[in-house]
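Open the model in your viewer and get ready to select residues by number.

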Amino acid sequence: MLVVMSTLDAKKEVIAFLSKLFFVLVAVTLLTVSGLVSMIKSQDVSIIFWLRVVSVFILSMMCLLVFKPIQNNIKEIEIL
């Protein structure tokens, strides 16, 4: 019983950390997208614009990569 509780607590800590990381990534992605929109409105398509496009793509992939372990840990907790 004690081992299950310590495993459960460890999984909860991992989920909490990954959730915070996920929300930070989403916030940075939204800030980058808003910068892209303002650059489009001002018709300023330069190298910075394309770097932001690439960074939005990378941040989106990172969000997906962080979300998958969150799902897996939640499923493991449901099994316990």
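**Start at Leu 25**

Select Leu 25 and show what surrounds it. Beyond its neighbours within four places in sequence, Leu 25 is in contact with Leu 59, Met 62, Cys 63 and Val 66. Keep in mind that this is a predicted model.

**Widen to the core**

Now select Leu 18, Phe 22, Leu 25, Leu 59, Cys 63, Val 66 and Ile 70. These seven residues form the largest nonpolar core. Colour by helix next. The elements giving two or more residues to this core are α1 (2-41) and α2 (47-79). Which of them gives the largest share? It is α2, with four residues.

**Move to the rings**

The structure holds three aromatic pairs. Take Phe 22 and Phe 23 as a stop. Their ring centres are 5.7 Å apart and the planes meet at 65°, so this pair is edge-to-face. Is Phe 23 buried or exposed? Phe 23 counts as exposed, because its relative accessibility is 57%, over the 50% cut-off. Phe 22, by contrast, is a member of the nonpolar core.

Phe 22, Phe 23 and Phe 67 form one aromatic cluster.

**Last stop: Phe 49 and Trp 50**

Select Phe 49 with Trp 50. This aromatic pair is edge-to-face too, at 5.0 Å centre to centre with 85° between the planes. Phe 49 counts as buried, at 9% relative accessibility. Trp 50 is partly exposed, with a relative accessible area of 49%.

Conventions. Residues numbered from 1 in each chain as written. Predicted model: local features only at pLDDT ≥ 70, side-chain atom pairs only at ≥ 80, totals over all residues. Heavy atoms only, no water. Core = buried A, V, L, I, M, F, W, Y, C linked by side-chain atoms within 4.5 Å. Buried < 20%, exposed > 50% of the residue type's maximum accessible area, 1.4 Å probe, protein only. Contact = heavy atoms within 4.5 Å. Phe/Tyr/Trp six-rings, centres within 6.5 Å; stacked < 30°, edge-to-face > 60°.
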